[in-house]
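Here is a structure to explore together. How do the labels we put on residues follow from the values behind them?

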Amino acid sequence: MRIENSFILAPGVGEKTERKLWKKGITHWDHVENTNSISSRKQEKISSFVGKARKNLEVENSVFFQENLPNKSLWRLYRNFEKKACFFDIETTGLDKKKNKVTTVSFHREGESRTLIQGQDLTKERLKQEMFESKILVSFNGKRFDQPFLEQNFDMDINVPHIDLMYLFKRIGYSGGLKKIEKQLNVDRELEDIDGREAVRLWKRYESNGNEDALDKLVKYNQYDARNLQSLLEIVHERLTGEVFRPHVPDER
């Protein structure tokens, strides 16, 4: 599913109305102007908004769609902004964003992973650059943890549309942490013996005596977290497309 299949962005169009449009064969923005299945007033209203949406899509203004989509439907943006999607994860010295600090931040984009490290290149400027280059952010529990932690630690606001996979997986019946869901879905991972607590210990070993092996292991673990988010988003995107969109498309029932 792509954003061009969505009509809930338009004022006055809710999920029920959107499903009715799909069932009438109006499944893409292109279909709005060439249909007599809806009233001329509604057609004009939706067409006007679609014109505005097209212009914002052309210039890759993902924030426009964040402002007009229900939060639970941000996943619909993924295919349109796939090449500029940034899968990210952080490690910290604890759970309190005011008392603890961020140690590493890993980003996975277009098949490549990189990590910013506290005391080396993890700075507000570098984080802002990463966000600037991203059209959507993808995390697991990042809206409650990762993003607020970064904003607090680096005195910054992150306004990039943010897809939090934890909520999407709850929606399709999966609960628990990232690693539990990975196992249920057979998403491979190395370093299965490391968890959040061990990540804190690895950082302390590096910080106290410069243990480079500990840092390398921490970075590798952090990058796995970020990289696996892409596999998980592919899975949940397909499931949600199958639940939300396909059952209401006439030739796909």
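Predicted model: local features only at pLDDT ≥ 70, side-chain atom pairs only at ≥ 80, totals over all residues.

Q: Why is Ile-172 called buried?
A: Buried means under 20% relative accessible area. Ile-172 has a relative accessible area of 15%, so the label buried applies.

Q: Where is Ile-172, and what does it touch?
A: Ile-172 is found in the loop between helix H6 (165-171) and helix H7 (178-184). Leaving aside residues up to four places away in sequence, Ile-172 touches Val-236, Arg-239, Leu-240 and Glu-243.

Q: What makes Asp-155 exposed?
A: A residue counts as exposed over 50% relative accessible area. Asp-155 has 62%, so it is exposed.

Q: Which residues of H5 are buried, and what do they pack against?
A: The buried residues of H5 are Asp-146, Gln-147, Pro-148, Phe-149, Leu-150 and Phe-154. They pack against strand S1 (85-92), strand S2 (102-109), helix H4 (124-132) and S5.

Q: How do you know that Glu-234 and Arg-79 form a salt bridge?
A: The cut-off is a side-chain nitrogen of Lys or Arg within 4 Å of a carboxyl oxygen of Asp or Glu. For Glu-234 and Arg-79, the N to O distance is 2.7 Å, so the pair qualifies. The structure holds 16 salt bridges.

Q: Why are Glu-234 and Arg-79 called partly exposed?
A: Partly exposed is the range between the buried cut-off of under 20% and the exposed cut-off of over 50%. Glu-234 has a relative accessible area of 27%, so it falls in that range. Arg-79, at 24%, therefore counts as partly exposed too.

Q: What makes Arg-205 and Glu-198 a salt bridge?
A: Their closest N and O atoms are 3.6 Å apart, and the limit is 4 Å, so the pair counts. Arg-205 is partly exposed at 36% relative accessibility, whereas Glu-198 counts as buried at 18%.

Q: How do you know that Glu-130 is buried, and what does its side chain meet?
A: Glu-130 has a relative accessible area of 4%, and buried means under 20%, so Glu-130 is buried. Its side chain meets that of Arg-114 in a salt bridge (2.7 Å, N to O). Arg-114 is in strand S3 (residues 112-117) and Glu-130 in helix H4, 16 residues apart.

Q: Which residues form the positive surface patch, and why can Lys-24 belong to a patch?
A: Lys-16, Lys-20, Lys-24 and Lys-42 form the patch. Lys-24 is found in the loop between helix H1 (15-23) and helix H2 (40-58).

Definitions and conventions:
Residues numbered from 1 in each chain as written. Heavy atoms only, no water. Patch = residues over 30% accessible without salt bridge, like charges linked within 9 Å, V, L, I, M, F, W, Y side chains within 5 Å. Areas by Shrake-Rupley, 256 points an atom, 1.4 Å probe, with all protein chains shown as cover. Lys, Arg positive; Asp, Glu negative; His and termini not counted. Charge placed at Lys NZ, Arg CZ, Asp CG, Glu CD. Helix = DSSP H or I, 4+ residues; strand = E, 2+ residues; numbered from the N terminus. Buried < 20%, exposed > 50% of the residue type's maximum accessible area, 1.4 Å probe, protein only. Contact = heavy atoms within 4.5 Å.
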